[in-house]
Every structure is written in structure tokens, then in C-alpha cells.
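This report is for a reader who is new to the structure shown below. Please look at the sequence and the model before reading on.

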Amino acid sequence: MAGADLTAVVTGASSGIGRALAVALARQGARVGAVARRADLLASLAEEVRSAGGTVETAVADVADRAALGAAIQTVERVLGPTDLLIANAGMSDHTGAAEMNVPKVEEILRVNFLGVVYAIEAVLPGMLARGRGHLVGISSLAAFKGLPGAAAYCASKAALNGYLEGLRIELRAHGVAVTAVCPGFVNTAIVANNPPMPFIMEPAAAAARILRALRRRPAVYAFPWQMSLLMKLTRWLPDRVIARRVGVKRRPTAG
Ligand SMILES: NC(=O)c1ccc[n+]([C@@H]2O[C@H](COP(=O)([O-])OP(=O)(O)OC[C@H]3O[C@@H](n4cnc5c(N)ncnc54)[C@H](OP(=O)(O)O)[C@@H]3O)[C@@H](O)[C@H]2O)c1
């Protein structure tokens with residue numbers, strides 16, 4: 001079992017995929033450290049897990065705050081023991097169109113989706129190296145495979161994450177530490193709540209079950225569902241004008 005007799009830390013555990021992962025890991029017998037910003041949602045997660053007999057510790061932190069995230073992970077580790085499995089899942093998405101050129105928004109997305117994962121890894125990797133075992137998992141996205149109009153910063157953050165995890169993976173394999181980039185397609189969570197109808201969309205619990213099943217193999221990359229993964233890979237070969245037409249990009253972006 002992916003979660004049996006181990007300490008798993010999940011960032012972004014207050015909602016969506018992270019919450020579903022935390023619940024499923026606890027159900028499988030893992031001691032779960034749950035980190036996010038919204039204390040009330042973490043408290044309701046803890047209540048659900050504990051009432052089902054599971055073990056969970058929560059800590060509030062913004063993953064973009066390196067010191068706060070490190071302290072939060074230390075707090076849960078003091079109770080649960082050192083982290084065997086890190087699932088760095090916290091992430092955000094927002095429109096970053098060319099016309100607006102909203103640099104603070106681009107910086108925020110990169111801080112949360114990319115640096116937030118780096119900071120989480122920083123908190124657990126020394127312990128994993130000392131013990132000669134562990135599994136680092138970043139929740140990336142199929143959006144890592146292709147830069148898309150209006151989502152340039154989100155796609156860039158996930159592409160950066162995949163490249164970073166790949167580099168770590170090759171370096172850490174000799175040290176007993178596995179590294180996995182998980183690239184989901186659409187999952188029915190707050191992050192995509194305002195999207196038009198999405199193909200092959202999954203519920204968070206189904207996505208979490210697939211992720212945890214796949215993690216047992218410690219794959220380099222787990223991209224799913226396969227239909228959406230194939231679509232995104234094919235998108236790489238499409239001419240830009242076809243993609244632009246498909247997502248309704250105007251020939252000359254205007255600010256107003
Ligand atoms: N849903 C999809 O279709 C989809 C597809 C591919 C990849 N993903 C990825 O899956 C991950 C989870 O997203 P989701 O779909 O489950 O969306 P979600 O329901 O909005 O969950 C996002 C989680 O990340 C946390 N978070 C966001 N910013 C944070 C910050 N600065 N510090 C700490 N925690 C933060 C949120 O908690 P707080 O607000 O309480 O901090 C929340 O628990 C993300 O990395 C996302 O990019 C989602």
C-alpha cells in the first residue's frame with residue numbers, strides 16, 4: 001500500500017486533490033501531515049480523518065513563505081516522525097494574458113507552484129538523504145507539456161516544476177530517494193470552477209486514488225488520464241494558429 005506505516009506530508013491539503021490525497025492516505029494507514037493556509041478547512045479535514053480512526057497533524061503555512069513552510073513541516077514531523085512521502089500539491093491558477101502583462105501575478109504563480117515545491121523539498125530532503133530513503137512527489141499538470149494562451153504563467157510554472165523534479169530525480173536515484181512528477185488532467189476542484197466544460201474531468205477522490213496507486217511504482221512521471229495526456233502531447237505538434245483559433249485568441253490582443 002502507498003500509505004501504510006509511513007509519514008506523508010501533503011501541502012495544499014485543505015481542499016481539492018490535496019484533501020482527497022490526505023483522506024485516502026490516512027485511510028491506508030499513513031500518518032498524515034496536512035499543510036495549507038485555511039485553518040478552518042484543515043480542522044474539518046482533521047476531524048474527518050480522526051473520526052475514521054486515522055492519524056493526522058495539521059499546520060498552517062503559505063508555501064510561498066519559505067521559513068513558514070519549513071516551520072510547519074517541522075511541526076507535523078515532531079508529532080508524526082520524519083517524512084517518508086512528500087506530496088507537494090499546493091498550487092494556484094489565474095489568467096495571465098499577454099495584453100494585461102500582470103507581472104506580480106506571474107511572480108505569485110511561480111512562487112506558489114514552483115518555489116512552493118522547492119521549499120517543501122528543502123524541508124524534508126536532508127532527513128531523507130540521512131536515512132537513505134524517501135519519495136518526493138510534485139503535483140504538476142498536463143499544462144506542463146504545452147504553453148497555452150491566457151495560461152502562460154501557469155504552464156510555465158508546471159514546466160519549470162517538471163524540469164526541476166527531473167533533475168532531482170536523476171541526481172537522487174543513487175541516494176534511495178525517488179522523485180515523481182504527477183501530471184493530472186482536469187479534476188473537479190475550485191481551481192477549474194470557472195472553466196467551460198472540460199473533457200475527461202475527474203472527481204478529486206478518483207484522481208487521488210489513481211495517484212496513490214501509481215505512486216507505488218515510484219514512476220518518474222505519472223500523466224493521467226491517458227486520453228487527456230495523449231491530447232496534450234498531440235497539441236505540441238499543432239500549428240499555433242490552430243491552437244489560437246481553438247481557444248479564441250484575437251489576432252491583436254487589446255487591453256480593454
Ligand atoms: N484541478 C485540476 O484540474 C488540476 C489539473 C492539473 C493539476 N492540478 C494541480 O493540482 C494541485 C491542487 O489543486 P486543486 O485542483 O486541488 O485546487 P484547489 O482545490 O484550489 O486546491 C489548491 C490547494 O492548494 C492550497 N494552496 C494554494 N495556494 C497556497 C499557498 N500559497 N500556500 C499554501 N497552500 C496553498 C490551497 O489551500 P489554502 O487556500 O487553504 O492555502 C488548496 O488546499 C495544484 O497544484 C494544481 O495546479 C489541478
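The sections below cover the basis of the model, the sheet, the ligand site and some backbone details.

## Basis of the model

The model is predicted: local features need pLDDT of at least 70, side-chain atom pairs count only at pLDDT 80 or more, and totals for chains, interfaces and linings use all residues. Residues are numbered from 1 along each chain as its sequence is written, and side-chain values use heavy atoms, with hydrogens and water left out.

Seven strands form an open sheet in the order 3-2-1-4-5-6-7, and their pairing is parallel. Strand 3 (55-60) and strand 7 are the edge strands, each pairing on one side only. On average, neighbouring strands of this sheet are turned by 15° against each other, direction ignored. Such angles are taken between N-to-C directions, from 0 to 180 degrees, with axes fitted as lines to C-alpha atoms.

Strand 5 (residues 134-139) and strand 6 run parallel and are joined by six bridges. In this pair, H135 stands opposite A178 in strand 6. Two strands count as paired if DSSP finds at least two bridges between them. Strands (E, at least two residues) and helices (H or I, at least four) are DSSP runs, numbered from the N terminus.

## The ligand site

There are 29 residues around the ligand, and S14, R37, Y154, V187 and T189 come nearest. A residue is near a molecule if one of its heavy atoms lies within 4 Å of it. By class, this shell has 15 nonpolar, 10 polar and four charged residues. Here Ala, Val, Leu, Ile, Met, Phe, Trp, Tyr, Cys and Pro count as nonpolar, Asp, Glu, Lys and Arg as charged, and the others, Gly among them, as polar.

An oxygen atom of the ligand lies 2.8 Å from a polar side-chain atom of S14. For the side chain of Y154, the distance from an N or O atom to a ligand oxygen is 2.6 Å. The protein covers 95% of the 870 Å² of accessible area that the ligand has on its own (Shrake-Rupley method, 1.4 Å probe). Helix 1 (16-27) and helix 5 (152-172) are the elements that give two or more residues to the shell.

## Backbone details

Most residues other than glycine have a negative phi, and most peptide bonds are trans. F224 and P225 are joined by a cis peptide bond, with omega about -10°.

F200 has a positive phi, near 55°, and lies in the loop between strand 6 (177-184) and helix 6 (204-215). F200 is partly exposed, with a relative accessible area of 40% (buried is under 20%, exposed over 50%, partly exposed in between).

Note on methods: Polar contact = N/O pair within 3.5 Å; in protein donor to acceptor, adjacent residues only side chain to side chain. Buried < 20%, exposed > 50% of the residue type's maximum accessible area, 1.4 Å probe, protein only.
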